[in-house]
Amino acid sequence: MVKALCLTAEVLLFLLFLIPVFSGILNPGNIAGMLVSVILILITFFFDRFKLLCSGLYAHTGGKIALISVSALVAAGFIYVLVLSVFMIHAQLKSPDNAQAVVVLGCKVNGEKPSRMLARRLDSAYEFLLEKEDAICIVSGGKGDDEKISEALAMKRYLVNKGIDSDRIIMEDKSETTYENIKFSADILHKHDITDIAVVTDGFHQYRAGRTAEKYGFSVSAVNAKNDSVTLPLIPTYWVREWMAITKDYIV
């Protein structure tokens, strides 16, 4: 019974990371998620053999050291991603009450129109700009090889079409990464003597973006893109990928 329950949970976990593939999303996040799921499924399915193997290894000094080392690494990894997740959740909860400006981080543009993910960010930015009429907006994102116009221009057009005054929107259209989004936007914000900003991006992305912005001297809060029935199943994939991106930032 316990084995069946574990296998069911592990298969569901695998499917959770597989679902984004059908939307054309295959990145280190869901690859890692599927790989871990398969390993867990195999261990559970062949648990008796796995237990025998571990017992045999543990009977020898070298095997004992190897098992303890692997167990310690797995435990440390679990604690590490748990702590990262706490940081990521905390970053999403920072209220933008005092923000003088919002920085909308770019995402894929389909031709000349924002992708679904980018449109969600822009809708959240739009709502914030309606409430904070004195705030300005930086739309940040360059032009990819498969995009007809820059992400910044697509974002500005989207917000203007929804009724935001174009004079409140400043384009930063050179960046290609999150780091460049923040760095190039910081140059603009410093010229306006703005030190308190809200970053507009997906919740899982807020910690890394905010951490970068703080390095440039900003007080950072969050305006999170709203999730819907289409994007919710994608969160685990992007959450795991974000663990990797944050770790890379820590190392570099």
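This note sets out, in numbered points, the main features of a predicted model.

1. Nonpolar core. The largest nonpolar core has 35 residues, and those that touch the most other members are Val-102, Val-104, Phe-128, Leu-129, Cys-137, Val-139 and Leu-159. At least two residues of this core come from each of helix 4, strand 1 (101–105), helix 5 (116–131), strand 4 (136–140), helix 6 (151–161), strand 6 and helix 9. Helix 5 gives the most, with seven residues. As general background, nonpolar side chains in soluble globular proteins tend to be buried together.

2. Nonpolar surface patch. A nonpolar patch also lies on the surface, formed by Phe-78, Ile-79, Tyr-80, Leu-82, Val-83, Val-86, Phe-87, Tyr-250, Ile-251 and Val-252. Together these residues have about 1000 Å² of accessible area. Helix 4 (61–92) and helix 9 (235–251) each supply at least two residues of the patch, and the largest share, seven residues, comes from helix 4. One member in helix 4 is Phe-78. Phe-78 counts as exposed because its relative accessibility is 56%, where exposed means over 50%.

3. The structure holds four aromatic pairs. Among them, Tyr-179 and Tyr-216 form a tilted pair, with 6.4 Å from centre to centre and 50 degrees between the planes. Tyr-179 belongs to helix 7 (residues 178–191), while Tyr-216 is in the loop between helix 8 (206–215) and strand 7 (219–224), so this pair ties together parts that are 37 residues apart in sequence. Both residues count as partly exposed: Tyr-179 has a relative accessibility of 46%, and Tyr-216 has 24%.

4. Aromatic pairs: the stacked example. Phe-204 and Tyr-238 form a stacked aromatic pair, with 5.4 Å centre to centre and 5 degrees between the planes. Phe-204 lies in the loop between strand 6 (196–201) and helix 8, and Tyr-238 lies in helix 9, so the pair ties together parts that are 34 residues apart in sequence. Phe-204 counts as buried at 8% relative accessibility. Tyr-238 also counts as buried, at 11%.

5. Charges over rings. Two lysines are placed over tyrosine rings. The charged end of Lys-64 sits over the ring of Tyr-58, 5.0 Å from its centre. Lys-162 lies over the face of Tyr-126, at 4.6 Å from the ring centre.

6. The structure holds nine salt bridges. One of them joins Glu-214 and Lys-94, whose closest N and O atoms are 3.4 Å apart. Glu-214 is partly exposed, with a relative accessible area of 41%, and Lys-94 is partly exposed with 29%. In another salt bridge, the side chains of Arg-157 and Glu-112 meet at 3.3 Å, N to O. Arg-157 lies in helix 6 and Glu-112 in the loop between strand 2 (109–110) and strand 3 (113–114), so the two parts tied together are 45 residues apart in sequence. Arg-157 counts as partly exposed at 38% relative accessibility, as does Glu-112, with a relative accessible area of 42%.

7. Asp-202 and Arg-121 form a salt bridge in which the closest N and O atoms are 2.8 Å apart. The pair links distant parts of the chain: Asp-202 is in the loop between strand 6 and helix 8, and Arg-121 is in helix 5, 81 residues apart. Both Asp-202 and Arg-121 are buried. A network of salt bridges links Arg-120, Arg-121 and Asp-202.

8. A backbone feature to check. Asp-193 is not a glycine, yet has a positive phi of about 55 degrees. Asp-193 is located in the loop between helix 7 and strand 6. With a relative accessible area of 65%, Asp-193 is exposed.

Note on methods
Residues numbered from 1 in each chain as written. Predicted model: local features only at pLDDT ≥ 70, side-chain atom pairs only at ≥ 80, totals over all residues. Heavy atoms only, no water. Patch = residues over 30% accessible without salt bridge, like charges linked within 9 Å, V, L, I, M, F, W, Y side chains within 5 Å. Areas by Shrake-Rupley, 256 points an atom, 1.4 Å probe, with all protein chains shown as cover. Salt bridge = Lys/Arg side-chain N within 4 Å of Asp/Glu carboxyl O. Helix = DSSP H or I, 4+ residues; strand = E, 2+ residues; numbered from the N terminus. Buried < 20%, exposed > 50% of the residue type's maximum accessible area, 1.4 Å probe, protein only. Phe/Tyr/Trp six-rings, centres within 6.5 Å; stacked < 30°, edge-to-face > 60°. Lys NZ or Arg CZ within 6 Å of the ring centre and 35° of its normal. Core = buried A, V, L, I, M, F, W, Y, C linked by side-chain atoms within 4.5 Å.
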